[in-house]
Amino acid sequence: MRSPLRSGEARRLVAAIAQVGAGLICGSLVLPMSLGQIRLRDVAAEAGLNFVLESPPTPGKRMIEAVPGGVAAFDADSDGLIDIYFTNGADAAALQKQGKQHSNRLFRNEGAFRFSDVTERSGVAGRGYSMGVAAADYDNDGDSDLFVAGVRANILFRNDGSGVFEDVTSEAGIASQDWSVAAGWFDYDKDGQLDLFVVNYLDWDPADDRFCGDRDRGLRIYCSPTYYNGLPNTLYRNLGDGTFADVSRASGISQHVGKGMSVAFEDYDLDGWPDAFVANDTEGDFLFRNQGDGTFEEAGLLAGVAFASDGSPISSMGVDFEDYDNDGLPDIHVTALNRQTFPLFRNAGGGLFEDTTARSGLHRLTVSRSGWANALVDLDNDGLRDLFVATSHVNDLAEQFENAAYEQANAVFRNAGGGTFEDVSDSVAAFLPAAHRGAAFADFDGDGRVDIVVSVLGGSAELWRNETLNRNRWLGVRLAGVTSNAHGIGARVRARNQVATVSASVGYASASLVPVHFGLGRSSDPLRVQINWPSGIEQTVDVTDLDRVVSVREPIARPP
């Protein structure tokens with residue numbers, strides 16, 4: 001007798017059937033209904049990406065169970081192919097990993113959309129209850145390192161250049177006893193060394209046994225963050241010798257207590273200094289404006305991004321800081337729970353934002369959804385950034401308490417131009433409900449189409465291969481800093497009417513350290529790429545051959 005399908009296998013079988021049903025069958029060939037429409041297909045099983053995020057709900061409903069799931073897309077072994085790293089949970093009581101099922105996992109990209117598990121030999125299985133991940137080359141030696149945020153156990157992994165990592169947390173001076181959910185790398189003082197911003201969440205104790213839910217029905221749910229005190233975030237300055245100094249107090253960061261979930265970086269006021277946006281859960285969001293002297297002022301309320309349009313705080317989860325309307329100014333998109341919508345703040349210039357959630361169409365399209373990871377990313381290479389959101393409610397018993405589903409299907413909102421979005425989720429892929437959390441975005445097979453990897457609480461990870469068919473052109477730009485940091489994080493890159501800032505921080509507790517991607521539409525005309533490096537150097541590169549990744553090295557000479 002054949003064994004029954006596991007839940008992940010069943011979901012993929014249904015997805016495959018639905019994918020066939022979405023096309024026109026001609027003999028053994030399945031053709032898409034309409035060329036040019038965004039198409040994604042989950043290929044995790046055939047790609048060898050067999051990962052389950054081991055943090056399922058338990059009867060005790062410990063707060064930490066509901067919020068892990070960071071994912072990183074980065075080149076671990078410097079072979080030019082983008083690899084995938086998943087954070088993982090642990091025993092919820094002991095906060096310790098109890099075996100390989102709890103290991104953080106690294107999958108090496110073997111090419112041709114095949115991945116192999118290299119966790120053991122790479123040394124990144126980790127320890128403790130892991131949450132988020134940040135990827136960057138913090139020591140400027142040319143390879144990508146990892147920082148893993150966790151519950152009282154943050155980890156810094158240094159890459160030796162071959163894809164083997166060493167835990168250097170203690171010697172680097174960044175050990176922590178806080179509950180950290182996410183982190184990000186940026187060069188806040190522009191000294192060429194990447195600094196580390198750690199996002200801290202709640203003052204929660206493992207011994208806490210607070211009951212939330214309905215005792216009469218015997219239904220226990222995760223408590224609201226409103227029952228707990230928040231924590232200030234942490235800023236570590238890179239000293240350039242492998243160690244870091246905690247400058248949270250001196251910089252002004254620790255003066256602001258929140259309930260942080262994610263962070264994204266941009267120079268929103270175009271003054272030449274990188275700023276930081278922190279998504280807070282049930283508290284006003286923070287916009288830390290870099291004052292250029294090593295200090296930050298919190299400008300969220302004055303800039304118009306601290307609260308939703310009705311003035312109320314929301315359960316902010318993920319954030320992306322990108323220019324969705326191609327006006328050259330970075331905008332902010334945030335995910336939250338159902339009935340709160342996913343706010344979209346348009347940068348109006350002058351350090352101010354306007355809430356365009358309703359005008360863009362996202363208010364009505366997202367009000368019934370709950371979101372975690374998100375990214376403004378051009379999925380069809382038409383030159384406009386679309387919006388992907390990994391969705392799920394936070395409580396596994398949501399249906400017992402409100403008109404909301406716990407497991408939800410991912411969503412794709414196509415950028416229709418004119419500052420508006422349309423929901424194309426049903427035509428994009430055979431998305432099925434699951435407890436989605438983190439996500440990373442990269443062109444894993446080098447075909448010029450951005451693919452997506454998503455983590456699932458208690459379920460199989462999803463790897464959405466982009467199979468969109470059209471004749472749109474594209475360009476990837478990979479930077480190599482000399483005076484600036486090694487990957488040019490913080491550089492502003494312009495191609496035609498599009499501007500992007502190099503950053504690895506995206507969505508919910510995740511990282512995408514990949515070449516900057518530009519969809520160029522149908523135009524085959526040569527283009528001029530303009531780069532403003534963090535060092536202050538301005539550079540232009542003429543590109544005549546499109547549909548490829550160009551590597552650009554920072555000039556050595558500083559401007560006069």
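A: In this predicted model, 25 aromatic pairs are present. A pair of aromatic rings is described by the distance of the centres and the angle of the planes. For Phe 113 and Phe 115, the ring centres lie 6.5 Å apart and the planes meet at 75°, so this pair counts as edge-to-face. Both Phe 113 and Phe 115 are buried.

A further edge-to-face pair is that of Phe 186 and Phe 197, with 6.4 Å from centre to centre and 65° between the planes. Phe 186 belongs to strand S12 (residues 180-186) and Phe 197 to strand S13 (residues 195-200), so their pair ties together parts that are eleven residues apart in sequence. With a relative accessible area of 2%, Phe 186 is buried; Phe 197 is likewise buried, its relative accessible area being 1%. These residues also take part in a cluster: ring pairs link Phe 186 and Phe 197 with Tyr 188, Phe 265, Phe 286, Phe 288 and Phe 296.

Aromatic rings also take part in contacts with charged side chains. Arg 437 lies over the face of Trp 372, at 3.9 Å from the ring centre. Arg 217 is placed over the face of Phe 401, and here the distance to the ring centre is 5.0 Å.

Strand S34 spans residues 462-466 and is mostly covered, four of its five residues being buried. On one pairing, S34 runs antiparallel to strand S3 (residues 40-42), to which three bridges join it. S34 also pairs in the antiparallel sense with strand S33 (residues 451-456), again over three bridges. Within this second pairing, Leu 463 of S34 is the bridge partner of Val 453. S33 and S34 form a hairpin with five residues between them, and in the turn Gly 458 has a positive phi of about 70°.

By residue class, the lining of the largest pocket comprises 21 nonpolar, nine polar and ten charged residues.

Definitions and conventions. Residues numbered from 1 in each chain as written. Predicted model: local features only at pLDDT ≥ 70, side-chain atom pairs only at ≥ 80, totals over all residues. Heavy atoms only, no water. Nonpolar A, V, L, I, M, F, W, Y, C, P; charged D, E, K, R; others polar. Buried < 20%, exposed > 50% of the residue type's maximum accessible area, 1.4 Å probe, protein only. Helix = DSSP H or I, 4+ residues; strand = E, 2+ residues; numbered from the N terminus. Pairing = 2+ DSSP bridges. Phe/Tyr/Trp six-rings, centres within 6.5 Å; stacked < 30°, edge-to-face > 60°. Lys NZ or Arg CZ within 6 Å of the ring centre and 35° of its normal.
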